[in-house]
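Here are a few friendly notes to read beside the model.

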Amino acid sequence: MIRVFLLDDHEVVRRGLADLLTNSGDIEVVGESGSAQEAARRIPALRPDVAILDARLPDGNGIDVCRDIRAVDSSIKGLILTSYEDDEALFAAIMAGAAGYVLKQIRGTDLVDAVRRVAAGQSLLDPAITTRVLERIRSGVEQPRELKALTEQERRILEYVAEGLTNREIAGKMFLAEKTVKNYVSSVLAKLGLERRTQAAVLATRLLGQRH
C-alpha cells in the first residue's frame, strides 16, 4: 500500500481526495490536515510515502512544508497541488525538492497515477523546466560587483524590493514565510552596506536596470 498524507485547507477537497485515493485499492490515506504548521509537525512522524501539499494555505504554504519535511526525512515525496500555474511557485517547488507539481484541475485518474509514479521514485517535473531552473541557479551571467555577494534568492528579493513590494507581497510571490523574507532583506542590506530598504531599492534600480 502507498501511504499518503493530505494537506489542504478545504475539508471538502480533502474528503474528495481521500475517497478518490482510497478507492484506488493500493493507496492508504494515513493522515490529513488543513494547517501548514500542523502538517510540518505531523508528516515526519507518520512517514507517508507521498505528501500531497496544497500550495497556498492560511498559515503558510505547501512548498515550505515540503522543504521542512524533506529536511527531516528525504524519503518522503512531496507532490504540490495548486490552482495556479506560476513560474515562481514552480521554481520554489523544485528548490524545495518536490517530486511533482500538479494543477487542481487534474483528472482524478491522473492524480492517482501521479501518486503512484511519485511513490515509485519518478519525477513529474518537466525535465526542460528543471534544466532551466538549474541554469538559472548556475547562471554565469556577469553580475555588477555589488551584487556578486548576494545569493540567487537574495537577488530575486532585491528585485522585488526595487519594485516597491512589501515583505508580505514578496512572501506571497516567492512562497516563503514573511519572517523569512524579512531576514533575507536584512541580509541583503548588510551585504550591500545599506541601512534602509529605500536605499536598496534605489541601488537595485540602478544596478538591475529596471524601468519603473
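1. Ala36, Ala39, Ala40, Ile43 and Pro44 in H2 meet Val65, Asp68, Ile69 and Val72 in H3, where contact means heavy atoms within 4.5 Å. By class, this contact of H2 with H3 has 8 nonpolar, no polar and 1 charged residues. Ala, Val, Leu, Ile, Met, Phe, Trp, Tyr, Cys and Pro count as nonpolar, Asp, Glu, Lys and Arg as charged, and the others, Gly among them, as polar.

2. A word on where this comes from: the model is predicted, and local features need pLDDT of at least 70, side-chain atom pairs count only at pLDDT 80 or more, and totals for chains, interfaces and linings use all residues. Residues are numbered from 1 along each chain as its sequence is written, and side-chain values use heavy atoms, with hydrogens and water left out.

3. How do the axes of H2 and H3 cross? Helix H2 (residues 36–46) and helix H3 (residues 62–72) have axes that come within 9 Å and cross at roughly 20°. That makes H2 roughly parallel to H3, the word for angles under 35 degrees. The crossing of H2 and H3 is right-handed.

4. Now compare a second pair. Helix H7 (residues 152–162) packs with helix H8 (residues 167–174) at an angle of about 130°, their axes 10 Å apart. H7 is therefore oblique to H8; angles over 145 degrees would count as roughly antiparallel and 65 to 115 as roughly perpendicular, with the rest oblique. From H7, the contact uses Gln153, Arg156, Ile157, Tyr160 and Val161, and from H8 it uses Ile170, Lys173 and Met174. Sorted by class, that gives 5 nonpolar, 1 polar and 2 charged residues.

5. Which residues of H8 are buried? They are Asn167, Ile170, Ala171 and Met174, buried meaning under 20% relative accessible area with a 1.4 Å probe, protein chains only. These residues cover an arc of only 100° around the axis, which puts them on the same side of H8. An α-helix has 3.6 residues a turn, so residues three or four places apart point the same way. Just after H8, phenylalanine 175 takes a positive phi of about 55°.

6. Finally, step back to the whole protein. Its secondary structure comes to 10 helices and 5 strands, taken as DSSP runs (helices H or I, at least four residues; strands E, at least two). Of the 212 residues, 43% count as buried.

Notes
Axes fitted to C-alpha atoms, helices over the stretch in contact; angles between N-to-C directions. Buried < 20%, exposed > 50% of the residue type's maximum accessible area, 1.4 Å probe, protein only. Arc of directions from axis to C-beta. Left-handed = near helix turned anticlockwise from the far one by under 90°.
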